[in-house]
Amino acid sequence: MNAIEPVQSFFPDTTERPRVYRLLRAASEPAHRELGEAPGLDDIPPLGEVLEYVINAKMTCLFADWLSRYGHTQRFPRPMQQFLRGQLRLNAYRSRKHHQEAAAIIAALHDHDVPAAAINGIAHAALLYPEAGVRQSSDVDILIPASAAATAAALLTRRGYYSTGRSPTTLHRDFDDPIVPGLTLDLTTELAHTGDDTTIQTILDRRVPAPGSVEHQAPLPILHRDDGFRHTLARVASQRRWPALADALHYALDDTSPQPATALDEPSRAGWDLVRSCWPQLPQDAPPSGSHR
């Protein structure tokens with residue numbers, strides 16, 4: 001097959017690794033969409049170099065899910081099959097733990113009149129990836145108003161969180177759990193496309209519960225789709241990391257809940273241009289989240 005060379009590089013840099021680039025790009029695509037010819041079996045082995053990039057990019061579970069969907073997993077030796085399936089099981093468990101803790105914290109903040117919403121990995125796992133355990137996240141990010149930062153940090157301290165030293169609003173809590181021994185939580189007062197206090201408050205006012213929470217999971221407040229899409233596009237532009245790229249693509253191609261079009265700000269527009277550098281068949285103007293058919 002003909003390789004489509006990346007126009008922009010992402011972390012980890014795959015510019016000189018077209019096979020790795022094609023596989024990471026394929027793993028980023030939603031299961032219900034095919035944006036061109038998928039890599040074939042001849043593109044996959046050997047997995048050594050591929051796994052190094054996949055692990056460093058925090059794309060192990062999306063890659064494992066892609067291999068399974070296309071029937072490639074069973075072609076590997078049994079230890080590799082067990083490794084890939086085990087990663088999906090472990091991440092599904094970790095995601096449930098993170099979801100439960102994030103929902104409990106946001107409920108506690110609400111009880112103290114602090115509006116809050118989960119953002120980034122934990123929110124996108126609930127919103128964009130119906131398959132449990134495919135979207136990895138190493139910590140939990142929660143958006144709050146800047147005026148409530150001290151109140152929120154004090155509340156979390158009373159719940160057993162302590163400072164990691166990274167910043168006053170980056171906190172950690174230890175769990176008596178051999179699989180998830182602890183959780184790092186980032187309280188943020190800005191989004192990638194805006195740090196304006198009034199705009200952040202407006203965004204928090206229109207937050208919504210994440211859809212499809214399973215029976216044992218509490219509702220998780222997240223950003224409205226349009227706000228989440230623009231924030232994610234701006235993250236693509238500022239960080240250039242594969243999970244954010246996958247999230248932005250899932251937002252753009254999701255058709256479960258169409259939203260009215262909104263003009264993109266400059267950071268979000270830059271992110272869309274980077275998405276199109278990997279998928280040039282996408283429209284030049286970003287579709288409103290949920291409107292692409």
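Colleague: What class does the relative accessibility of Arg-240 put it in?
Modeller: This is a predicted model: local features need pLDDT of at least 70, side-chain atom pairs count only at pLDDT 80 or more, and totals for chains, interfaces and linings use all residues. Numbering runs from 1 along each chain as its sequence is written, and side-chain values use heavy atoms, with hydrogens and water left out. Buried means under 20% relative accessible area, exposed over 50%, and partly exposed in between (1.4 Å probe, protein chains only). Arg-240 has 32% relative accessibility, so its class is partly exposed.

Colleague: Where is the place of Arg-240?
Modeller: Helices (H or I, at least four residues) and strands (E, at least two) are DSSP runs, numbered from the N terminus. The phi of Arg-240 is positive, near 55 degrees, in a residue other than glycine. Most residues other than glycine have a negative phi. The place of Arg-240 is the loop between helix H8 (225-239) and H9.

Colleague: Is Asn-120 buried or exposed?
Modeller: Asn-120 also takes a positive phi, near 65 degrees. Its loop runs between strand E1 (117-119) and helix H5 (121-127). The relative accessible area is 8%, so Asn-120 is buried.

Colleague: What is omega for the cis peptide bond that joins Phe-11 and Pro-12?
Modeller: Most peptide bonds are trans. The bond from Pro-45 to Pro-46 is cis, with omega near -5 degrees, and Pro-46 is in the loop between H1 and H2. Pro-12 is in the segment before H1. Omega of the Phe-11 to Pro-12 bond is about -10 degrees.

Colleague: Which residue has Arg-241 over its face?
Modeller: A charge sits over a ring if NZ of Lys or CZ of Arg is within 6 Å of the ring centre and within 35 degrees of the ring normal. Arg-241 is 5.4 Å from a ring centre, that of Phe-11.

Colleague: How many disulfides are counted?
Modeller: A disulfide is a pair of cysteine sulfur atoms within 2.5 Å. Cys-61 is buried at 2% relative accessible area. Cys-278 is buried too, at 1%. The disulfide count is 0.

Colleague: Why is the ring pair of Trp-66 and Tyr-70 given its class, and what is that class?
Modeller: Rings of Phe, Tyr and Trp (its six-membered ring) pair if their centres lie within 6.5 Å; planes under 30 degrees apart are stacked, over 60 edge-to-face, and the rest tilted. The count is 5 aromatic pairs. In this one the centres are 5.3 Å apart and the planes lie at 40 degrees, so the pair is tilted.

Colleague: What distance separates the C-alpha atoms of His-99 and Leu-220?
Modeller: His-99 is in helix H4. Its relative accessibility is 4%, so His-99 is buried. Leu-220 is 121 residues away along the chain, yet the C-alpha separation is 7.3 Å.

Colleague: What is the length of the polar contact that joins the side chains of His-172 and Thr-184?
Modeller: A polar contact is a pair of N or O atoms within 3.5 Å; within protein, one must be able to donate a hydrogen and the other to accept it, and residues adjacent in sequence count only if both atoms are side-chain atoms. His-172 is in strand E4 (residues 170-174) and is buried at 16% relative accessibility. A polar contact of 3.3 Å joins its side chain to that of Asp-174. The contact between the side chains of His-172 and Thr-184 is 2.9 Å.
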